[in-house]
Amino acid sequence: MKRPQAARFASAPTPSRGRRLWLVRHAQPLVAPGLCYGRLDLAADRDATAQAAAALAAALPDCAVFTSPQRRCRQLAVALQARRPDLRPEVDERLREFDFGTWEGQAWDAIGAAALDAWTADFAHHAPGGGETVRALLARVGAAFEASRALAQAEVAWITHAGVARAASVWAAGRRTPGSAADWPHAAPGFGGWVTLEMPAT
């Protein structure tokens, strides 16, 4: 999920109790530059996935791991478990990327300014391409966040997507519905990278 771009993303400070959510992004997908993709089930670059798995395996503590069902995330989950058999990623449908509907697979330039403007004019409630609304994305990601927060483990990792990572940061900050596109975080973990968020105890 790349557009619109606005406010910067900042991970929350590490909590004193050590409860953290690791937001891990899949490796570079095999897709042409400039295309809109969210729910497209793309594969990721194999070598980049292996490099990401090695770095993540060295960094992650003992934790619960959940993954988006999309192929680019499952590749990283499998590669991570091969290096860290103690980690057993579970698929969570709520960690899927944002659904752009008929925009999926189109060049951003081909979608056109008018369609993008219609989305930003009603950012939380308009479904781009007839797909998903930002409000719906926040609701499902928020449900996953609360479920992870209620787990006994102090550390939880999601192998997921940029859009989900942004939504999780908004939810963690207590903003249930963004007022405008300008309220949506711009930055996200790079391909194969991660950030952490605080998960206060329930």
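Trainee: Which elements do the buried residues of α2 pack against?

Mentor: In this predicted model, the buried residues of α2 pack against β1 (20-25), α1 (46-59), β2 (64-67) and β4 (155-160).

Trainee: Which residues of α2 are buried, and how do I read that pattern?

Mentor: Start with the general idea: an α-helix has 3.6 residues a turn, so residues three or four places apart point the same way. Now the case here. Arg-72, Cys-73, Leu-76, Ala-77 and Leu-80 are the buried ones in α2. Looking down the axis of α2, you'd see its buried residues fall within an arc of 140°, so they line one face of the helix.

Trainee: How many residues does α2 have, and what is its reach from first C-alpha to last?

Mentor: Helix α2 covers residues 71-83, which is 13 residues, and reaches 19 Å. That's close to the 18 Å expected at 1.5 Å a residue.

Trainee: Okay, on to cores. Which residues touch the most other members of the largest nonpolar core?

Mentor: The general idea is that in soluble globular proteins, nonpolar side chains tend to be buried together. Here, the largest nonpolar core has 33 residues, and Leu-23, Trp-103, Trp-158 and Trp-184 touch the most other members. Several elements each supply at least two residues of this core, including β1, β2, α5, β4 and α6. Apart from it there's another core, of 16 residues, with Trp-22, Ala-52, Ala-57 and Cys-63 among them.

Trainee: And helix pairs? At what angle do the axes of α5 and α6 cross?

Mentor: Two packed helices are described by the angle between their axes and the distance between the axes. For α5 and α6, the axes come within 9 Å and cross at roughly 70°. So α5 and α6 are roughly perpendicular to each other. On the α5 side, the contact includes Leu-137, Leu-138, Val-141 and Phe-145, while α6 brings residues including Val-164, Ala-168 and Trp-171.

Trainee: Is Ala-165 buried or exposed?

Mentor: Ala-165, which sits in helix α6, is buried, with a relative accessible area of 2%.

Trainee: Last one: where is Pro-185 found?

Mentor: Look in the loop between α6 and β5. Pro-185 counts as buried, at 4% relative accessibility; the cut-off for buried is under 20%. Pro-185 and Ser-169 are 16 residues apart in sequence, and 8.1 Å apart in space, C-alpha to C-alpha.

Methods. Residues are numbered from 1 along each chain as its sequence is written. This is a predicted model: local features need pLDDT of at least 70, side-chain atom pairs count only at pLDDT 80 or more; totals for chains, interfaces and linings use all residues. Side-chain values use heavy atoms; hydrogens and water are left out. Helices (H or I, at least four residues) and strands (E, at least two) are DSSP runs, numbered from the N terminus. The expected span of a helix is 1.5 Å times one less than its number of residues. Buried means under 20% relative accessible area, exposed over 50%, partly exposed in between (1.4 Å probe, protein chains only). The arc is that of the directions from the helix axis to the C-beta atoms. Contact means heavy atoms within 4.5 Å. A nonpolar core is a set of buried Ala, Val, Leu, Ile, Met, Phe, Trp, Tyr and Cys residues joined through side-chain atoms within 4.5 Å. Axes are lines fitted to C-alpha atoms, for helices over the stretch in contact, and angles run from 0 to 180 degrees between N-to-C directions. Angles under 35 degrees count as roughly parallel, over 145 as roughly antiparallel, 65 to 115 as roughly perpendicular and the rest as oblique.
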